[in-house]
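Q: How should I read burial, contacts and helix geometry in a model like this one?

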Amino acid sequence: MKTHHLIMAAAIIPCLVSSCSGNGSKPENDTSLKEQTFKIGLGWNLGNQLDANQGGTPGETLWGNAVVTQATIDSVKAAGFSTIRIPVTWGTKIGAAPAYAIDSAWLSRVSEIVGYAEKAGLNAIINIHHDGADSRSWLNIKDAPLDSTLNAGIKACLGSVWAQIARNFSDKGEFLMFESMNEIHDGRWGWGDNKTDGGKQYRAFNEWQQVFVDSVRAQGGTNTTRYLGIPTYCTNTDLGEYLELPSDPTPDRMLVAVHLYEPFEYTLENKYTQWGHTADKDKAHPVSDEKTLIAELDKAASLGKRLGVPVYIGETGCVRRDNERDEKFRLYYLEYLAKAAADRDISIIYWDNGYADAGRECSGLFDRATGAFLNDGGDVVKAMHKGFCSTDSAYTIETVYASAPTE
């Protein structure tokens with residue numbers, strides 16, 4: 001996701017709470033994949049930072065956030081998160097064919113922030129982010145299936161870019177995970193030509209995923225066993241039926257990534273300001289409530305079972321409201337989401353774009369320069385942490401439901 005608001009203010013210093021890697025009830029017959037799901041746990045996105053760009057040229061401060069510091073990442077860890085997802089746009093930092101050399105200064109900065117995560121004791125995920133959304137950049141899923149020469153060039157670039165990234169991090173441990181791409185679609189968010197082209201876009205997309213896996217594994221070091229995130233087309237759960245997992249010489253080291261903003265008119269657009277069974281009817285989505293959210297999480301869980309791998313929600317969240325009552329519904333939504341996800345062994349990673357305002361796409365929790373909470377960011381983290389990490393047997397999705405705001 002992206003937005004171009006500016007940071008308004010910082011608030012309180014983060015509280016110290018223990019991080020968690022799941023709901024504490026490890027299932028029987030555990031596997032390395034299940035362990036990885038618990039390891040990701042409750043995560044946080046460094047959004048609109050290294051993915052920020054102008055005309056395909058990335059820049060860390062282009063979308064209004066200050067340069068991120070070790071203190072910021074330390075605060076994320078102290079607040080109770082287990083994983084940091086670091087979206088990265090590469091764009092014009094990729095050189096010409098055939099080498100497709102990545103700008104050394106940009107790769108160095110990515111490495112530095114991964115180092116912040118390692119020093120803080122966080123897991124980290126890096127990806128290729130705005131290089132393919134809307135098919136406006138080089139990962140052009142709209143035209144690639146129609147032009148074999150173009151598709152071959154895209155695969156060559158994709159393979160080279162991931163080879164360079166993987167070699168750069170070959171000595172980093174498995175705390176670091178790679179995610180191939182982000183929200184790849186043809187400009188219609190899953191409702192475009194992919195619906196009518198007989199599967200051409202899906203086949204090209206699956207080919208790209210194989211290039212990613214092959215390229216990373218070939219670089220040696222920890223890359224031979226590193227966990228890899230494979231998103232669905234447009235990171236849409238419903239379109240997961242078209243995903244074919246790449247073949248991998250290393251077993252049990254893949255996870256599937258989806259995004260969840262249900263309903264987006266509430267969580268992102270602020271068209272509706274309340275949510276759930278106790279919400280004022282004129283302020284809530286007419287058909288999306290707790291049952292709808294549960295259904296979406298059940299679909300994600302079913303996708304993982306079909307493919308035989310865990311699913312993680314790489315992006316989710318809910319924008320800040322400008323009054324106390326509506327903020328109570330935001331906290332309720334996020335706690336309910338976190339608890340329902342934990343019950344299904346699905347890790348969730350909150351989308352924080354650093355913006356302290358209220359309204360459309362304003363989902364900042366931490367000031368990027370200082371690590372201080374923005375507004376009531378501490379309350380937001382506490383709600384999600386409780387939902388995802390509580391081991392109290394008396395705490396259930398039903399008790400969360402019963403705690404919905406009433407006044």
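A: Start with one residue. This is a predicted model, and in it S363 counts as buried because its relative accessibility is 5%, where buried means under 20%.

Q: Where in the fold is S363 placed?
A: S363 sits in the loop between β10 (347-352) and α9 (377-389).

Q: Which residues is S363 in contact with, leaving aside neighbours within four places in sequence?
A: The contacts of S363 are C318, V319, R330, Y350, W351, D352, N353 and Y355. With W351 there is also a specific atom to look at: the S363 side chain reaches the backbone oxygen of W351 at 3.1 Å.

Q: What does W90 contact beyond four places in sequence?
A: W90 is in contact with P58, I102, W106, L107, V110, N127, I128, D131 and I165. One of these, V110, is 23 Å from S363, C-alpha to C-alpha, and 253 residues away in sequence.

Q: How do I read a helix?
A: An α-helix has 3.6 residues a turn, so residues three or four places apart point the same way. Here, helix α5 (residues 200-217) has 18 residues and reaches 26 Å from its first C-alpha to its last, close to the 26 Å expected at 1.5 Å a residue.

Q: Is α5 mostly covered or mostly exposed?
A: Mostly covered: 13 of the 18 residues of α5 are buried.

How values were computed. Residues numbered from 1 in each chain as written. Predicted model: local features only at pLDDT ≥ 70, side-chain atom pairs only at ≥ 80, totals over all residues. Heavy atoms only, no water. Contact = heavy atoms within 4.5 Å. Helix = DSSP H or I, 4+ residues; strand = E, 2+ residues; numbered from the N terminus. Buried < 20%, exposed > 50% of the residue type's maximum accessible area, 1.4 Å probe, protein only. Polar contact = N/O pair within 3.5 Å; in protein donor to acceptor, adjacent residues only side chain to side chain. Expected span 1.5 Å × (residues − 1).
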